[in-house]
Amino acid sequence: MNFFKTLIAATLGTLIALLLIFFIAIITVSTSSQEPEPYIQSNSVLKISLSGMLPSQDSQNPLDELFNQSNNDKVSLETLKENLSKAQAHDNVEGIWLEIDFMTESWANLQEAHRLISAFRDSSDKFIYASTNDLGYNEKGYYLATATDSVFAPPESFFEFDGFFSQVTFFDNMFEKIGVDAEVIRHGKYKGAVEPFYRTDLSEENEYQLTQILNQSSSVFLDAVSAKTGHSKDELNNLLNSQPNLTTQFGFQENLIDSLVYTDELVNYMKNRIGLDESASIKTVNFDRYSKVSPSSAGLSTPSTSDKIAVVYANGPIMPEVSSDSPFNNQQQITVDFIKEQLDDIREDDDVKAIVLRISSPGGSGSTSDAIWRMIHETKKDIPVIVSMGNVAASGGYYIAMAGDSIVAEPTTITGSIGVFGTKFNARELLNDKIGITFDEVKTHEHADWLLPTSGLSSSEEKAFQQYIDNFYQTFITKAANDRGMSVDEMDELAQGRVWAGGDAKENGLVDELGGLDKALSIAAEKANVDTYKIAKYPKPKTFYELFMGSAATQAKTLLPNSWFLSDEMEKVQKQFSILERPDALTLFPYDITIE
């Protein structure tokens, strides 16, 4: 009886917590929406804090503000571009102060941010300075800093300048210890995505392709540092190969950092640049506050046209729709229904003249990728569809990208991986011998149970699985060859599951142009024959009430003990394994290529 009392009390407590969240959020969002537009005083400096992630798009969830879960003061590539444009035109903004510490964002998004910062520096008479705090710069943070006029740092802060690596986690020994057999069927000698499940180290082919990707990122970094410091790439490589040194003193001595100053000294430096006395107070405006300033108040004119280009953001793994009717469903993956919903909305707007599909996806289900590929092909019969690749558009991500009229990628975008694999885990030893769970079954036909995770594949079943994977691979490369104007044999040479950096993909014909979202938009405008246009973003922001039902459960977990939930790393591993649970033809790159 006490158990049921406790259960009922816990359930009621959770419901009350959710209701409190709901009403507090209503009040918070309602209050924030009624705030007047900020007034920016003369002689102001826009301060932008950059740390951790820098996503393509700003969060559309108003609950993020309530729970303080927005990243980097809501800085995204989208909002960074908007605020830099406003600051450049705003008479009351004298300059930009970037305070940068450890960045963990992908190199492709960092390249686009570097280009936005460089454009401000080169086209404006206003200053843009970079500094760091007591956390210091890692290479990714320093890379962004090289786009500014001057790089500052405290004299005793951290400075990482030691090169790049990418580490892969392997599970084969663990599987052997716990009694799990990973049965892998693949097509493509470079399809290294499944190596963690049956090897303990990188194959020669996988090591080669990862090295090529690392070298591309390293080249982008060295080009930026060389342009900023005047050091040749050989000189920089010598520094990177010398004894590691983690101090900003080292960075200053080697002319990588312009000046070692404390924050108060930097503030005085900016006062002098603006023409203020040292006794005066500098007016810094944070990024979130400046985001609320309208373009017209900053002095920007809006295009006097009804023509639009739709930008569709497609992020996450490509998967079949699961429990889409759930009131707590939240769009964190690319599904057929999601893409169809966006394309249907676009067709209802006659003012949309072209589509830019912004893809950040490692792939996923082959059948889902194929269905989305077909929808894009049908759509481009009526309207141009340009693909802009984010940090990764590989495997299934490339499958849907190749349907576009043109593909744009950053030099460091991870793409290609045109290959297929399937996995089936046999956990009978684990369940029988290690845990003590046994199974018995009856069946009508010999192979009725062959996909269960409690039995291995017979030779005929393995052959059937291999034929399934081979047939899908042939479909993949045939469609890719047709879309990219190659023969099937030529595409097969580029495929084999190999992962390419965007720069190499441009050279071999898998990508049409190098650049970011702006480049894709200019191509879309050209194909649509429009000179001026507005940008319509999809998916359209949902109302607070719609978002609440999709995210209340997620937000509520922050109020509960952390021990009730998996850690971030374990959750990431769990998601990777959940993708592999279905015995499907997977066009997927399941482990993250993280370059540090």
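Visitor: What makes up the secondary structure of the protein chain?
Guide: The protein chain has 22 helices and 18 strands. Helices (H or I, at least four residues) and strands (E, at least two) are DSSP runs, numbered from the N terminus. Residues are numbered from 1 along each chain as its sequence is written. In this predicted model local features need pLDDT of at least 70, side-chain atom pairs count only at pLDDT 80 or more, and totals for chains, interfaces and linings use all residues, while side-chain values use heavy atoms, with hydrogens and water left out.

Visitor: Why are α3 and α4 called roughly parallel?
Guide: Helix α3 (residues 77-89) and helix α4 (residues 107-123) pack at about 0 degrees, with axes 10 Å apart. Axes are lines fitted to C-alpha atoms, for helices over the stretch in contact, and angles run from 0 to 180 degrees between N-to-C directions. Angles under 35 degrees count as roughly parallel, over 145 as roughly antiparallel, 65 to 115 as roughly perpendicular and the rest as oblique. α3 and α4 are therefore roughly parallel.

Visitor: Which residues make the contact of α3 with α4?
Guide: Contact means heavy atoms within 4.5 Å. From α3 come Leu77, Leu80, Lys81, Leu84, Ala87 and Gln88; from α4 come Asn109, Glu112, Ala113, Leu116, Ile117, Phe120 and Ser123. By class, that is eight nonpolar, three polar and two charged residues. Ala, Val, Leu, Ile, Met, Phe, Trp, Tyr, Cys and Pro count as nonpolar, Asp, Glu, Lys and Arg as charged, and the others, Gly among them, as polar.

Visitor: What makes α7 roughly perpendicular to α8?
Guide: The axes of helix α7 (residues 204-229) and helix α8 (residues 233-241) come within 10 Å and cross at roughly 115 degrees. That angle makes α7 roughly perpendicular to α8. The crossing is right-handed. A crossing is left-handed if the near helix is turned anticlockwise from the far one by less than a right angle, and right-handed if clockwise.

Visitor: Why do α14 and α17 count as roughly parallel?
Guide: Helix α14 (residues 366-379) and helix α17 (residues 459-484) cross at roughly 25 degrees, their axes coming within 12 Å. The two are therefore roughly parallel. Their crossing is left-handed. Gly366, Ser367, Asp370, Trp373 and His377 of α14 meet Phe472, Lys479 and Asp483 of α17.

Visitor: How do you know that α17 is close to its expected reach?
Guide: α17 has 26 residues and reaches 37 Å from its first C-alpha to its last, close to the 38 Å expected. The expected span is 1.5 Å times one less than the number of residues. Just after α17, Gly485 takes a positive phi of about 70 degrees.

Visitor: Why does His90 count as buried?
Guide: Buried means under 20% relative accessible area, exposed over 50%, partly exposed in between (1.4 Å probe, protein chains only). His90 is at 7%, so His90 counts as buried. His90 lies in the loop between α3 and β2 (93-103). Beyond neighbours within four places in sequence, its contacts include Ile40, Lys126 and Tyr290.

Visitor: What is the phi of Ser417, and of Gln496?
Guide: Most residues other than glycine have a negative phi, and most peptide bonds are trans. Ser417 has a positive phi near 55 degrees. Gln496 has a positive phi near 60 degrees. Ser417 is buried at 0%, and Gln496 is buried at 17%.

Visitor: Which peptide bond is cis?
Guide: The bond from Tyr538 to Pro539 is cis, with omega near 0 degrees. Pro539 is in the loop between β17 (534-538) and α21 (544-556).
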